[in-house]
Each structure stands twice: as structure tokens, then as C-alpha cells.
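Thanks for coming. I will take you through one structure this morning, element by element, and I will keep it short.

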Amino acid sequence: MISRPEKLSVYWERTALEMKNIGAGSLAIVAIIAVFQGAVTTLQIAYQLISPLVANPVIGSIVSDSSMLELAPTITCLVLAGKVGSHIASEIGTMKVSEQIDALEIMGINSNAFVALPKIIAGVVMVPCLIVISILLSNLGGIFAGSASGILTADEFIQGARESFLPFNLAFSLIKAFVYAFIITSVSSYHGYQTSGGALEVGHSSTKAVVYSAVLILFSDYLLTQLLL
Amino acid sequence: MIELTNLKKSFDGVEVLKGISTKFEPGKINLIIGASGGGKSVLMKCMVGLLKPTEGNVLYDNRDFHKLDNKEIRDVRREIGMLFQGNALFDSYTVEENIEFPLKMFTEMSPAERIDRVNFCLEQVHLEGVNSKYPAEISGGMKKRVGIARAIALDIKYLFCDEPNSGLDPVTSRVIDQLLEEITKEFQMTTVINTHDMKTVFDIGDQIIYMYEGNKWWEGKKSDVRHSNNEELQAFINASYFE
């Protein structure tokens, strides 16, 4: 389906543009989700663990670990499936129904490679970066919520997070991000490419891309957790 | 020259093209006319390789297009330009970037040389000063011209146009027709146009093929069209004048 690119410089330009769209374009939504996710998780963990026998830093360690292992990669990528996935599917779908894909083919360009490959590469590079940012901001959200509500101090949160930190957890999180990024970009490109008809079908492809990506993310979440943890 | 021999195409057992054989000569405007559903678009898609014929051959200067390997197909495709009914300009690129795109992909030209070529192509289609505009910012007629400029950016030998006048007012339609004629004669291209605009037929057509229910129903010169005793062709021409 995807063959050797005709001219690498053009592909590199397109990949850089897609990296900007996927990375910088998603930064705001990822940051908002991460901060609130960390804040809410901190408050909920504190609510469930109120006991004189549980030290405050434990809250920090639970929030930090759950952000890294599950919340940051999975929740963020489910949101990215909606934002990035629908954008990719509708962009390629529109190119398909407006004959832009045919124009590429007639020029002798492998349209699959030209349209999908830069998006897939950009996704698998940028989504893990977004997940790292999401983990950091999630912890900051937790620190803020803990301090503001008087549940635990910033130092206690950081102490808990540092004590429970395992480099493998970060690696696991990045593996998940890489796999989810591939799912989002490839599934959405596929559905965009399968579009035929008009505006209505572009909408259908976009919806399908989001639904299939989300289901596959959840399925691979279970599979990766079972295999790697 | 493009030669078609016994070209057939079926979809789910329904034969849409029923054995088309003809020749399209260089330096001439070859028109395929006929009512919607007559097989014109399928014929053109088979010729440019967007559809694979069920049977038959498409020969580009004796190169059997559908029997070539991938590399050879790409080589032939680089000699083909196409103007689409909906223009198919890349929305996210400016006019200049649209025309520059094939040059960037397939030539080793420097950026300055590419821009010179873009401007040359824009001059050929009598369109200047729109380099930095996006397709959404220009009129339908201008989009057609940009489509033609992009099609001729590389030194192509074969130009295909699918309904070049669709959606255009009569004045702009004539301008596009004249442009296609000028370019065909100047660069000695083999131009094939799908149309049901009879004005185009009588203005610029050299060789006319009338498609009816998947068959090549009539073929001849434009001077013969009016005098043909083919009933379906005459009915099509008469209906066109009452559109």
C-alpha cells in the first residue's frame, strides 16, 4: 500500500507540517485535560483514603502512578482520537471526494504514501511528546488541587511521586502512546481513504474513524497492560 | 498518439463500456460527447488508469498502459495532465504552490527556476497576480485556468479534461475552450475532452466521438456532426440546443 516516497524532501516538509498540526495544535486541549485530570484524581484519592493510617505522600504516589500508567496516555489519546483522528479522516475524505487523490495518482504519485505516511510518522513522534507533557501537567494539577484544598502540601505530593517512580512506568506509558498514535493516524487515514460520495460520506468516515480508533485504543490498552505489567 | 482497442469495463457484471476502439492524434482536440451515463467518464478513467479495464488496451505511443510495470506506469503518468470537473486543486496550497507541486515532486529545478516555470504556466493561461491566493479565494473560471496551468507544468504529451466547462458561464466557457485549443496546438499535445457542451464541439473540436449506452455510437469530424444521419446523435444535438 505504501511504497518508497518519490521525493524525500517533499515528504519531510509534509511530515514537519503534520508534526506542527498534531503536536502544537493539540497542546492546549492536552494541557487542559491533564491539569484537571490530575486535580480531580487528587481530590478523589484523598476522599477515598481519608485515614490517619495513610500518609499524605501516598496520595501523591497514587496520582502520579495512575497518571503515568493509565490516565495520561489513555484519556489523552481517546481525546486525540476525536480531535486528530476526525481531522485526518475528514481531510483525506474531502481530498478523495474532490478528486485531489485522483489528481495525485494521475501525476504518478503514490497517494497512499503521500497522504497517509507523513501523518502516521508525525503522530508516532508527537503523541508520545504530548503524553510526557500530559504526565507533568497532571502532576502539577494534583499539586495545585492538593495545596488549594489543604489535603496535602506540594512537598508531600512530590515526595510520594518520587518514592513510587519507576522508569519502567514511564517506558510503559510511552509504549502505549506510540501504539495509540499509530492506531489513531492509520485507522483515520484508512477511513478517510475509503470515503466515496460527498459531504455526508465524509462525515460518516470521520465518525467511523473516531469510533474505531477509540475501540482499538481500549482493546490495545487491555492487551498491553496484560502483556507488559 | 493514444490508441484504444476493444476497451471494455464492467461493474458487478454490468458492462459500462462495450468494446471501444479509436485513436486520438497529437495536436488535435479530441472530444468525447454523449449524455450522462453514456460511459464518457468511465472511458476517461480507464484511459488515465484510475480504473482498470475488464478487457482491451490503452496504448500511449505504443506503450500498453495497463500492462506496464509500476515504474513504467509512473513514467507514462508524468506525461499526462488532467483537468478535473471539480478542478481538484489542493485546498491547503496557494495557486503558486499548486502549480509548483509537480515540479517539486518530479524535477531537480531550483526554487527560482520553479517559480519562473509557474509564472510561465500562469501566463499561458492568461492569469497573473494570483500566485499567493488560495483556491477558495478565486472564481470558478480562474480555478479552471489554474487547473490547466498545473496540468501543463511538466512538459506533458497528453491532456485530459473532464467537463472543463461545467459550472462556468458561457463567456468563461469560451475562454477556457480557446485556451485549451491554443495550448494543444502550441505544444502539440494529444488532448481528450469529455463534454456535453455542443458549443465546445463546434468551436474547437477536431475529432468527435459520440458515446451512447457504453458504445462508440458515432465518430467523425465536427463538420460531419450536423449532417450525420445517426438518430441518437441528432437527438442529442437538438436536445443540447434546448437546454
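Let me start with a question: which residues are buried in helix 1 of chain B? They are Lys40(B), Val42(B), Leu43(B), Met44(B), Cys46(B), Met47(B) and Val48(B). Before going further, please note that this is a predicted model. Helix 1 of chain B covers residues 40-48, and because seven of its nine residues are buried, the helix is largely enclosed by the rest of the structure. After the helix comes Gly49(B), with a positive phi near 90°.

Next, the sheet. In chain B, four strands make an open sheet, in the order 2-1-4-5, and the pairing is antiparallel. Its edges are strand 2 and strand 5 (63-64) of chain B, each of which pairs on one side only.

I will go through the pairs one at a time. Strand 1 of chain B, residues 2-11, and strand 2 of chain B, residues 14-24, are antiparallel and share eight bridges. As a landmark in that pair, look for Leu7(B), which stands opposite Ile20(B) in strand 2 of chain B. The hairpin of these two strands has two residues between the strands, and in it Asp12(B) takes a positive phi near 50°.

Strand 1 of chain B also pairs with strand 4 of chain B, residues 55-60, again in the antiparallel sense, over five bridges. Here Leu4(B) has Val58(B) of strand 4 of chain B as its bridge partner. Finally, strand 4 of chain B is joined to strand 5 of chain B by two bridges, and these strands run antiparallel. Tyr60(B) stands opposite Arg63(B) in strand 5 of chain B.

Now to domains. The domain assignment of chain B gives two: domain 1 takes in 2-79 + 157-241, and domain 2 takes in 88-155. How far apart do the C-alpha centres of domain 1 of chain B and domain 2 of chain B lie? The figure is 25 Å. Between them, ten residues of domain 1 of chain B are in contact with eleven residues of domain 2 of chain B. On the domain 1 side of that contact, helix 6 of chain B contributes the largest share, five residues. By class, the domain 1 side divides into seven nonpolar residues, two polar and one charged.

That brings me to helix 6 of chain B itself. The helix runs over residues 170-187, which is 18 residues, and reaches 26 Å from its first C-alpha to its last, close to the 26 Å expected at 1.5 Å a residue. Which of its residues are buried? In helix 6 of chain B they are Ser173(B), Ile176(B), Asp177(B), Leu179(B), Leu180(B), Ile183(B) and Thr184(B).

What do the buried residues of helix 6 of chain B pack against? Their partners in chain B are strand 3 (29-33), helix 4 (111-124), helix 5 (140-151), strand 7 (158-162), strand 8 (190-195) and helix 7 (198-204). Turned away from the buried side is a face of helix 6 of chain B that carries the exposed residues Pro170(B), Val171(B) and Glu186(B). Just after helix 6 of chain B, Gln188(B) has a positive phi of about 50°.

Chain A next. Chain A has seven helices and zero strands. Along its principal axes, its C-alpha trace spans about 70 × 35 × 30 Å. Chain A has 229 residues, of which 45% count as buried. Of the contacts in chain A with a separation of 6 or more, 86% are between residues 24 or more positions apart.

Last, where the chains meet. Contact is made by 14 residues of chain B and 13 residues of chain A. On the chain B side, helix 2 (70-77), strand 6 (80-83) and helix 3 (95-106) each supply at least two residues. Helix 3 of chain B gives the largest share of that side, three residues. Sorted by class, the side of chain B that touches chain A has nine nonpolar residues, one polar and four charged.

That is the tour.

Technical notes:
Residues numbered from 1 in each chain as written. Chains lettered and ligands numbered in written order. Predicted model: local features only at pLDDT ≥ 70, side-chain atom pairs only at ≥ 80, totals over all residues. Contact = placed C-beta atoms within 7 Å. Nonpolar A, V, L, I, M, F, W, Y, C, P; charged D, E, K, R; others polar. Expected span 1.5 Å × (residues − 1). Buried ≥ 20, exposed ≤ 12 C-beta atoms within 10 Å, placed from the backbone. Domains from an automatic or database assignment. Pairing = 2+ DSSP bridges.
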